[in-house]
Amino acid sequence: MMMRGANIVMECLLEQGVDTVFGFPGGQIIVIYDALYDYRDKIRHILTSHEQHATHAADGYARANGKVGVVMATSGPGATNLVTGIANAYMDSVPLVAITGNVPTTLIGRDSFQEVDITGVTMPITKYNFFVKRMEDLAPAIRRAFAIAVSGRPGPVLIDIPKDISTHYTEYTPADPAELKANAKMPEMGKEALSQALDMLHDAKRPVIYAGGGIVSSGASKELSEFARKLQAPVCCSIMGLSAFSAKEKLFAGLIGMHGSFAAAKAVTESDLIVAVGARFSDRVAGNRKKFGINARILHIDIDAAEIDKNVKTASHILGDVKQVLKKLNAAIGQQDHAGWVEQVTGCKSVAPKEEFEGDNVNPRDVLRALNRMLKKDAIITTDVGQHQMWTAQTYEFTMPRTFITSGGLGTMGFGVGAAIGAKTAWPERQVVCISGDGSFHMNCAELSTAVSYKIPIIVIVMNNSVLGMVRQWQKLFFDQRFSETTLERATDYVKLAEAFGAKGIRLTKNADIDSVLKWALSQNAPVVVDCVISRDVNVFPMIPPGGSPEEIILEEGLSDA
Ligand SMILES: Cc1ncc(C[n+]2csc(CCOP(=O)(O)OP(=O)(O)O)c2C)c(N)n1
């Protein structure tokens, strides 16, 4: 049947099962929004205040429910406003489809009003991108975009659609659902790799599992749990891996890396076999790559061949979907016994850094511990970026996959509120709390208006220390306390700000009030901001100095000799 390009976009979204998109309209995407008007009963659109946060919302939606997130924006500034969100999804392997309008093909390359080469701009931060030049390419491009976003290692794909393509008519033939399914591809795993891995697993005396975000995206938590028990190995998680393995399991050794636990640092330093599963040895995990796991052989299980031997040299690897690989290993491995080693590592879980806070302020970790007690098991926590993010990662006990949504790779301040809106849109019945900092919240607070307009009752906890805390901490530890441009001391009243947007606000100034304030916030069924006043001198410990390795962990303030 003959159909307008913009309507084909809608039909193709429906083919993919899309029922929610986030975005912001404009002149070059106006025809697609015109089509959306006729599909508004089938496709819910959430209009954010800024395109960046529409991308974060689509990203949070995708991370929370495992579907592909969809974001739309107009050409030029609309498209460039998506860039940080796309890069964020790329770094954290989140399946996302971004649709941008562009000027008509006849105006391309003439520096037309609001023209930008967004496929050129996003080439290094997308898995693939399409510039649709011909009507007949439109539907195939959208179908391929969704397939690419979820195939192998997930990631973002962008489709740039010039205005004449969305305006003109062409023949539309609905896709065969079986064909759509067959488009998503997973690499096959090799048999030899598996038998070599089994030998390594059987030989190990002090094995440790380093679990990353791949476990979450492949839905392999159950398989990981069985694997850890069979191998009898402690499990350390990267920040992307948190929630993949229950923090309540005895074998959980905590966060690995720069701000990781002492137990995790001990485990990787003393281990003779590190099994990395769906993880990529980022610099925040490995620190000094030459010293990481210095006494261990490394077995790397990952879906992305490009990750093998990229950051650290491995002894062996298995390429494949980690869920399928772990299933095979679990079937073949048999029960191992490393009780003594497990005790050595998990016995260190109580080694905690000194906890700093000033008596007349709120202890941020106590707030997180209270949330841990008060929230339901399936509550979703999102964060912005800074100290508050690391306190959350260290303190909150995640027990269910996809309950922790944070910007791991790009470290994007401003991510948390959009991500919370996306997560709550995906799971309206679940509690969704964003832990933010006052610096980050200044970047995304306008999205409170989105939460209010669409009645999306998220809770934002602003750990308000009046400073850009994480950068200030580095200045304190490594730059001789020269606090260059990290003291905010904004006059912003977060309670009034929340109220101005139509949300609710409350201030928390004393530790004694934590429970009552949180109880109030949780009972509002409306967007709430909790202005949580903390001291500017609370640090994140432990800390591995930049370029250091796990054995150089700093438990308290002050550098080790290294
Ligand atoms: C968009 C962006 N700009 C700058 C940074 C660098 N940065 C990392 S943490 C941080 C401070 C964050 O301050 P705040 O949100 O108040 O959180 P806190 O560390 O105080 O908890 C900064 C500036 C970043 N990660 N992202």
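1. A quick note on the ligand site first. By class, the shell around the ligand is made up of nine polar, six nonpolar and one charged residues. Keep in mind that this is a predicted model.

2. Who sits closest? The shell counts 16 residues, and the nearest of them are Gln387, Gly411, Gly439, Ser440 and Gly469.

3. Glutamine 387 places a backbone N or O atom 2.8 Å from an oxygen atom of the ligand. For glycine 411, a backbone N or O atom lies 2.7 Å from a nitrogen atom of the ligand. Serine 440 uses its side chain instead: an N or O atom there is 2.7 Å from an oxygen atom of the ligand. As for cover, the ligand taken alone exposes 590 Å², and the protein buries 76% of that.

4. In terms of elements, α18 (387-395), α20 (438-444) and α22 (469-478) each give two or more residues to the shell around the ligand.

5. Now for the second largest pocket, with about 660 Å³ of space. Its lining has 29 residues, and Ser261, Lys349, Arg365, Gln394 and Thr395 lie nearest the centre. Two or more residues each come from β11 (252-255), α13 (262-270), α17 (364-374) and α18. The largest share is from β11, with four residues.

6. Which domains does this lining draw on? Domain 2 (191-346) and domain 3 (364-541) each supply at least three residues. By class, the lining of the second largest pocket has 16 nonpolar, eight polar and five charged residues.

Key
Residues are numbered from 1 along each chain as its sequence is written. This is a predicted model: local features need pLDDT of at least 70, side-chain atom pairs count only at pLDDT 80 or more; totals for chains, interfaces and linings use all residues. Side-chain values use heavy atoms; hydrogens and water are left out. A residue is near a molecule or strand if one of its heavy atoms lies within 4 Å of it. A polar contact is a pair of N or O atoms within 3.5 Å; within protein, one must be able to donate a hydrogen and the other to accept it, and residues adjacent in sequence count only if both atoms are side-chain atoms. Accessible areas come from the Shrake-Rupley method with a 1.4 Å probe; for residues, only the protein chains shown count as cover. Ala, Val, Leu, Ile, Met, Phe, Trp, Tyr, Cys and Pro count as nonpolar, Asp, Glu, Lys and Arg as charged, and the others, Gly among them, as polar. On a 1 Å grid over the protein atoms alone, a cavity is a set of points where a 1.4 Å probe fits but cannot get out, and a pocket is an open set with protein on both sides within 12 Å along at least five of seven lines; lining residues have an atom within 4 Å of a point. Grid points are joined across faces, edges and corners, and a volume is the space filled by probe spheres set on the points. Domain bounds come from an automatic or database domain assignment.
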